[in-house]
Amino acid sequence: MGIINSEIKPFNATAFKGGEFVEISEADVKGKWAVFFFYPADFTFVCPTELGDVADKYEELQKLGVEVFSVSTDTHFTHKAWHDSSETIGKINYYMVGDQTGTITNNFGVMREGQGLADRATFLIDPDGIIQSVEISAEGVGRNADYLMDKVKAAQYVRKHPGEVCPAKWKEGEATLAPSLDLVGKI
């Protein structure tokens with residue numbers, strides 16, 4: 001079953017954000033762009049490098065109208081403890097979602113069977129709650145927030161410009177393509 005162009009499923013969870021515990025649901029995602037950034041566990045090795053990288057881009061993502069929800073199967077209490085004890089994690093201002101029941105992780109299909117841990121996965125959700133992009137990496141392969149930024153900008157461009165597509169390595173401001181029979185076999 002394909003997940004691209006599918007709608008996110010209902011969920012309720014507690015997140016740590018801005019020094020507080022907050023309740024969130026799929027309703028908090030609709031109406032804006034969102035990134036769901038799944039990772040295996042707090043207090044690990046690759047995860048803080050990725051979460052810190054996204055934290056460095058969070059202000060830019062906010063300017064693009066994008067909210068970030070990092071998700072692991074740890075509790076919101078564990079997220080707070082990690083936030084309070086790590087310089088890298090301490091700079092995070094986005095939602096750190098506790099998914100100890102695995103509902104959200106299972107909804108997105110990235111639960112490691114028999115382990116209770118999320119795969120390393122990123123989902124870009126449009127304002128209608130529709131999944132537009134997915135990236136899933138092996139345990140030892142960290143993700144790149146610059147690449148995420150490029151995908152966000154391309155998805156937003158395509159949404160605003162029906163009939164146009166962004167070619168490989170597209171950067172904001174560069175030429176796009178308008179698919180037609182005239183282009184077939186000429187690129």
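Student: Where is Cys47 found?
Tutor: Cys47 is found in helix α1, which covers residues 46-63; helices here are DSSP runs of H or I with at least four residues, strands are runs of E with at least two, and both are numbered from the N terminus. This is a predicted model, in which local features need pLDDT of at least 70 and side-chain atom pairs count only at pLDDT 80 or more, while totals for chains, interfaces and linings use all residues. Residues are numbered from 1 along each chain as its sequence is written, and side-chain values use heavy atoms, with hydrogens and water left out.

Student: What does UniProt list for Cys47?
Tutor: An unreviewed UniProt entry lists Cys47 under "active site"; such positions are given in the numbering used here with feature names shortened, and the annotations may be inferred rather than shown by experiment.

Student: Is Cys47 buried or exposed?
Tutor: Cys47 is buried, with a relative accessible area of 1%, where buried means under 20%, exposed over 50% and partly exposed in between, using a 1.4 Å probe and protein chains only.

Student: And which residues is Cys47 in contact with?
Tutor: Leaving aside neighbours within four places in sequence, Cys47 is in contact with Tyr39, Pro40, Ala41, Trp82 and Arg120, contact meaning heavy atoms within 4.5 Å.

Student: Moving on, where is the place of His79?
Tutor: His79 lies in helix α2, residues 76-85, and is buried at a relative accessible area of 0%. Beyond its neighbours within four places in sequence, its contacts include Phe16, Tyr39, Asp42 and Asp74.

Student: How many residues apart in sequence are His79 and Asp42?
Tutor: They are 37 residues apart in sequence, and their C-alpha atoms are 6.9 Å apart in space.

Student: What about Thr78, which residues does Thr78 touch?
Tutor: Not counting residues up to four places away in sequence, Thr78 touches Asp42 and Phe43. Thr78 is also in helix α2, but at 25% relative accessibility it counts as partly exposed.

Student: Phi of Phe43, is that positive or negative?
Tutor: Phi of Phe43 is positive, near 55°, in a residue other than glycine. Most residues other than glycine have a negative phi. Phe43 is found in the loop between β3 (33-38) and α1, and at 48% relative accessibility it counts as partly exposed.

Student: What is the phi of Asn5, then?
Tutor: Asn5 has a positive phi of about 70° although it is not a glycine; it sits in the segment before β1 (12-17) and counts as exposed at 55% relative accessibility.

Student: Now a strand: where is Ser70?
Tutor: Ser70 is in strand β4, residues 66-72, and counts as buried at 0% relative accessibility. Setting aside neighbours within four places in sequence, Ser70 is in contact with residues including Phe37, Tyr39, Leu51 and Met96.

Student: Zooming out, how many helices and strands are there in the chain?
Tutor: The chain has five helices and seven strands, running β-β-β-α-β-α-α-β-α-β-β-α from the N terminus on. Its radius of gyration is 17 Å, close to the 16 Å that the globule rule gives for 187 residues, so the chain is as compact as a globular protein of that length; the radius is taken over C-alpha atoms, and the rule is 2.2 Å times the number of residues to the power 0.38.

Student: How many of the 187 residues are buried, as a percentage?
Tutor: Buried residues make up 45% of the 187 residues in the chain. Among contacts in the chain with a separation of 6 or more, residues 24 or more positions apart account for 66%.
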